[in-house]
Structures are given as C-alpha cells and as structure tokens.
Amino acid sequence: MKLFVTVGTQLPFDRMVEAVDRWAADREVEVFAQTGPAQYQPRNIRHQDFVDPATFDREYASADLVVAHAGMGSIFTALELHKPLIIMPRLARFKEHRNDHQRATADRFRQTPGIHIADDEAGLLGLLSNLQALTGPQGEFSPDAQPRLLQAISEFVEDQQRPRRRTRLWRTLRGVR
C-alpha cells in the first residue's frame, strides 16, 4: 500500500502530517508527504517541503490512497484519477487558514463516493486504520466546466455589457450632465 500526503503549497498543516506520521510508525506502508513550510518534521515517513510538478504528478498517480487538505486541486485530481481520497480540512482556530472555507468544502463533498472526510485527527486515524475499505470515486469526472456553468457565465457577461440608463444621481456623482 502506498500513500501520498499533500498539504498544498501555501501553509503548513502539521496537525495532519503528524497524525499520518504517528499512524505510519508501526505499519508496513509506504508514505510520501509533501509537507509545505512545516515546523513538524516527520520521523516515520518520507517527506519533502515542496515538490516540482512532475514529482507531484508521479507521486499522486502511483499512490493507492491520497491524504490531503480540503483543497479543490487535490479533490479534482483524485476524482479525475479515480484515487481514494481522505480530506482533512484546515481550521482557522488552529491558525491553519484564515477562515473555515475548507470545512465547507469538506461538507460539500461528504456524500461523494471515493472522498472520505476526516474532521479531526481521530477521524483521520480511524480512516487510515481501515484502508482496505476505502473505495475510490465512481463514474467519470470532467475537469472542464459544465455547460450549465458556462451558459450562466456567458449570460452574466452579456448582461454586463448592455448599456445602462444613467440615473440623475449617478450623473451628479460623476459630474456628468
């Protein structure tokens, strides 16, 4: 079994990396982690702060399971490659991010087959302890924008380009007569 752990490139996510490192201490599993600018230095897993795109792609593709923060790039890549994915959202209260948007992302994907949510370290360890039961995404996933979204954007842009009647207030504020 081979795991790839990624925290993204912006911020450290020591809480997640440390949990995986502790879990891997007494297991026969290969783990490679891209740790970002971390303070915690893993003792039981191979790791690197940052990796070049080719290394990232190779590690992701060869992994049997990916563990990641709740970043859209990690989620879409797992869906596209049909990789089982555990996501653990960064939390603002731990100063892992400026807000809790990753919790909202995790909640959005909570019912998506192949994406497994760890709300905290205990949840992550529970999922890791049951690796064989973790399935990958089902069906096809397109990384391209869906036609409905493209249509909505197109209509919005067209609406914004239509000339608008200038109100008296607007003309007054702009000094236009």
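This is a predicted model: local features need pLDDT of at least 70, side-chain atom pairs count only at pLDDT 80 or more; totals for chains, interfaces and linings use all residues.

Q: How much space lies in the largest pocket?
A: About 260 Å³.

Q: Which residues lie nearest its centre?
A: Val7, Gly8, Thr9, Gln10 and His69, out of 21 lining residues. The elements that give two or more residues to that lining are helix 2 (53–62) and helix 4 (101–109).

Q: And the lining by class, what does it have?
A: The lining of the largest pocket has 11 polar, 8 nonpolar and 2 charged residues.

Q: Switching to the largest nonpolar core. Which residues touch the most other members?
A: Leu3, Val67, Ile86, Leu124 and Leu128, in a core of 25 residues. Two or more residues each come from strand 1 (2–6), helix 1 (14–24), strand 2 (30–34), strand 4 (65–68) and helix 5 (121–128).

Q: Which element gives the most to this core?
A: Helix 1, with 6 residues.

Q: Take Leu124. What is it in contact with, leaving aside neighbours within four places in sequence?
A: Leu124 is in contact with Met16, Ala19, Val20, Val67, Ile86, Met88 and Ala118.

Q: What about a second core, which residues does it include?
A: There is a second, separate core of 17 residues, and Phe32, Ile87, Phe109 and Ile115 are among them.

Q: Now the aromatics. How many aromatic pairs does a search of the whole structure find?
A: The search finds 4. One of the pairs is Phe4 with Phe32, which is stacked at 6.1 Å centre to centre, with 5 degrees between the planes.

Q: What does that pair tie together?
A: Phe4 is in strand 1 and Phe32 is in strand 2, so the pair ties together parts that are 28 residues apart in sequence.

Q: Are those two buried or exposed?
A: Phe4 and Phe32 are buried.

Q: How do Phe4 and Phe56 pair, and what is the angle between the planes?
A: Phe4 and Phe56 pair edge-to-face, 5.3 Å centre to centre, with 75 degrees between the planes. Phe4 lies in strand 1 and Phe56 in helix 2, so this pair ties together parts that are 52 residues apart in sequence.

Q: What is the relative accessible area of Phe56?
A: Phe56 has 22%, so it counts as partly exposed. For Phe4 the value is 0%, which makes that residue buried.

Q: Last one: which residues form the aromatic cluster?
A: Phe4, Phe32, Phe56 and Tyr60 form one cluster.

Key: Residues are numbered from 1 along each chain as its sequence is written. Side-chain values use heavy atoms; hydrogens and water are left out. On a 1 Å grid over the protein atoms alone, a cavity is a set of points where a 1.4 Å probe fits but cannot get out, and a pocket is an open set with protein on both sides within 12 Å along at least five of seven lines; lining residues have an atom within 4 Å of a point. Grid points are joined across faces, edges and corners, and a volume is the space filled by probe spheres set on the points. Helices (H or I, at least four residues) and strands (E, at least two) are DSSP runs, numbered from the N terminus. Ala, Val, Leu, Ile, Met, Phe, Trp, Tyr, Cys and Pro count as nonpolar, Asp, Glu, Lys and Arg as charged, and the others, Gly among them, as polar. A nonpolar core is a set of buried Ala, Val, Leu, Ile, Met, Phe, Trp, Tyr and Cys residues joined through side-chain atoms within 4.5 Å. Buried means under 20% relative accessible area, exposed over 50%, partly exposed in between (1.4 Å probe, protein chains only). Contact means heavy atoms within 4.5 Å. Rings of Phe, Tyr and Trp (its six-membered ring) pair if their centres lie within 6.5 Å; planes under 30 degrees apart count as stacked, over 60 as edge-to-face and the rest as tilted.
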